[in-house]
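Trainee: Could you take me through one hairpin in this model, residue by residue? After that, I'd like to hear how the rest of the chain is put together.

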Amino acid sequence: MSRKKAVKAKGSSKSPKPSPCSGRSGKGLAAAAAPSGGLVYPSRPSISNSGEFYDIAFKVMLVGDSGVGKTCLLVRFKDGAFLAGSFISTVGIDFRNKVLNIDALKVKLQIWDTAGQERFRSVTHAYYRDAHALLLLYDVTNKRSFDNIRAWLTEIHEYAQQDVVVMLLGNKADSTHDRVVKREEGEKLAKEFGVPFMETSAKSGLNVELAFTAVAKELKHRTTKEPDEPKFQLQEYVDKEMRTAGCCRS
Ligand SMILES: Nc1nc2c(ncn2[C@@H]2O[C@H](COP(=O)(O)OP(=O)(O)OP(=O)(O)O)[C@@H](O)[C@H]2O)c(=O)[nH]1
Ligand SMILES: [Mg+2]
């Protein structure tokens, strides 16, 4: 398989204020590039002029209510940082790239950070159909964000591809004192909808790398799987990795 080069995220010139978790200048939100199938499908050439080489690429979207920590999760994964401070909501949509080594292949994830606010919903809907995976977040300290997961799943079924990989994440697991949603409740809801689940913390880094790696592995397996090869079991992989790491890995 020939190697391609990863593409740098492009931004718009009219920038809103950066989020404390943006780790960048707040560029590229409402006017970020339209969904581009050519960038992310394994069989097509990259139009890159910079960055790392990769073998296959996938588009992953972060979705969920405003304030659940989508931007912080992405910044933690991409830059390994958590920038505490006042919360500034994402405007529109933006993306960052990261290349992971998965079973001897370089897998590029193009990760789209969406705005959770209702008023941007129509902007984000347009991006669902190209997504290979969706990380659906709620905030374990915010019951409403958990209750809204059902509505998010309905939206996903309406706008995303049928075989999209969906993973439910209960974020802010570090907030022990403020927690109002138990881990078991998250597990139960995920089981009901047949999607994998884990708790994360953008603040401590808990399970952040694991969430993205698990999704990248699932997508890579789907693409390269031989007919007689067993199906990759995402939840089993996640559970095993968490057990190995003594429940908490960052
Ligand atoms: N304790 C704790 N706080 C977090 C965590 N992740 C995010 N936060 C805080 O939650 C607030 C919202 O985080 P964002 O990442 O900006 O939320 P968002 O989901 O991107 O929100 P929108 O852009 O409006 O959709 C910020 O004040 C963060 O500092 C976490 O894992 N733990
Ligand atoms: Mg955000």
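**The hairpin and beyond**

Mentor: Asp 103 takes a positive phi near 45° in the hairpin of β4 and β5, where two residues lie between the strands. This is a predicted model, in which local features need pLDDT of at least 70 and side-chain atom pairs count only at pLDDT 80 or more, while totals for chains, interfaces and linings use all residues. Residues are numbered from 1 along each chain as its sequence is written, with chains lettered from A and ligands numbered from 1 in the order in which they are written.

Strand β4 (residues 93–102) runs antiparallel to strand β5 (residues 105–114), and ten bridges link the two; strands count as paired if DSSP finds at least two bridges between them. Asn 101 stands opposite Lys 106 in β5. Helices (H or I, at least four residues) and strands (E, at least two) are DSSP runs, numbered from the N terminus.

Ala 104 also belongs to the loop between β4 and β5, and its phi is near 70°, a positive value in a residue other than glycine. Most residues other than glycine have a negative phi. Ala 104 is exposed, with 6 other C-beta atoms within 10 Å.

Now compare the loop between β7 and α6, which holds Lys 172. Its phi is near 70° as well, again positive in a residue other than glycine, but Lys 172 is buried, with 28 other C-beta atoms within 10 Å.

Just after α6, Gly 194 takes a positive phi of about 65°.

Helix α5 has Ile 149, Trp 152 and Ile 156 buried. They cover an arc of only 55° around the axis, which puts them on the same side of α5. The other side has exposed residues, among them Arg 150, Thr 154 and Glu 158. Partners of the buried residues of α5 include β3 (56–64), α3 (121–128), β6 (133–139) and α6.

Finally, the chain as a whole: it has eight helices and eight strands, and buried residues make up 42% of its 250 residues. The largest nonpolar core has 58 residues, and Leu 135 is one of those with the most contacts inside it. Such a core is a set of buried Ala, Val, Leu, Ile, Met, Phe, Trp, Tyr and Cys residues joined through C-beta atoms within 7 Å. Leaving aside neighbours within four places in sequence, Leu 135 is in contact with Val 60, Leu 62, Met 167, Leu 169, Ala 211 and Val 215. Among contacts in the chain between residues at least 6 apart in sequence, 72% join residues at least 24 apart.

Key: A residue is buried if 20 or more other C-beta atoms lie within 10 Å of its own, exposed if 12 or fewer, and partly exposed in between; C-beta atoms are placed from the backbone. Two residues are in contact if their C-beta atoms, placed from the backbone, lie within 7 Å. The arc is that of the directions from the helix axis to the C-beta atoms.
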